[in-house]
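Hello,

Here is the structure I said I would pass on. Please have a look; my notes follow below it.

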Amino acid sequence: MITGAHAILYSSNADADRRFLRDVVGLPNVDVGGGWLIFGLPPSEVAVHPAEKNGGHELFLMCDDVKGFTAEMREHGLDCTPIQVPRWGRLTHVTLPGGGRLGIYEPRHARPLEPPVKKALRRDAKRTGRKTTGRTVKQRRQGR
């Protein structure tokens with residue numbers, strides 16, 4: 001029924017934020033015309049939190065090491081908020097080149113299992129020889 005999710009970041013400097021996601025974060029992408037990039041994301045999850053009003057949504061990207069992530073962002077001249085430690089993980093917000101903020105966290109909560117679709121995509125990538133990687137740009141440059 002559901003095959004994925006499409007998240008939208010609104011930005012006053014979309015080109016700079018696209019370069020950030022492509023060049024700094026290293027997300028795979030496709031140009032759908034005129035430099036308009038759509039980025040692939042790793043497996044995701046969705047949660048529903050109670051609220052007084054409907055219609056509010058937030059996007060957080062997850063990582064394995066939020067401290068390492070903030071250090072790498074500093075190397076790129078990007079600011080991150082101090083790491084907070086709520087009960088569900090370790091959290092920071094990175095200030096995007098366009099001025100917006102994006103939440104990044106290292107989950108400490110139970111995670112859903114990888115969906116069968118993702119396993120099939122990985123299997124197909126292996127069969128066709130297409131490379132799939134979860135490494136950062138920095139790790140790829142260092143040959144890790």
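Helix α2 has an exposed set, Lys67, Arg74 and Glu75, on the face turned away from its buried side. Bear in mind that this is a predicted model. The buried residues of α2, which spans residues 66-75, are Val66, Phe69, Thr70, Glu72 and Met73. They sit on the same side of the helix because they cover an arc of only 160° around the axis.

Both ends of α2 are worth a look. After α2 comes Gly77, with a positive phi near 75°.

Next, the strands. β4 covers residues 89-95 and is mostly covered itself: five of its seven residues are buried. It pairs with β5, residues 101-107. The pairing is antiparallel and runs over seven bridges. One of the residues to check is His93, whose bridge partner in β5 is Gly103. Together β4 and β5 form a hairpin, with five residues between the strands. Gly99 lies in that turn and has a positive phi of about 105°.

Last, confidence. The protein averages a pLDDT of 84. Of the residues, 79% score at least 70. Residues 132-140 are another matter: pLDDT stays under 50 there. For that stretch the model has 16 contacts beyond four places in sequence.

Best regards

Key
Residues are numbered from 1 along each chain as its sequence is written. This is a predicted model: local features need pLDDT of at least 70, side-chain atom pairs count only at pLDDT 80 or more; totals for chains, interfaces and linings use all residues. Side-chain values use heavy atoms; hydrogens and water are left out. Buried means under 20% relative accessible area, exposed over 50%, partly exposed in between (1.4 Å probe, protein chains only). Helices (H or I, at least four residues) and strands (E, at least two) are DSSP runs, numbered from the N terminus. The arc is that of the directions from the helix axis to the C-beta atoms. Two strands pair if DSSP finds at least two bridges between them. pLDDT is the predictor's confidence in each residue, from 0 to 100. Contact means heavy atoms within 4.5 Å.
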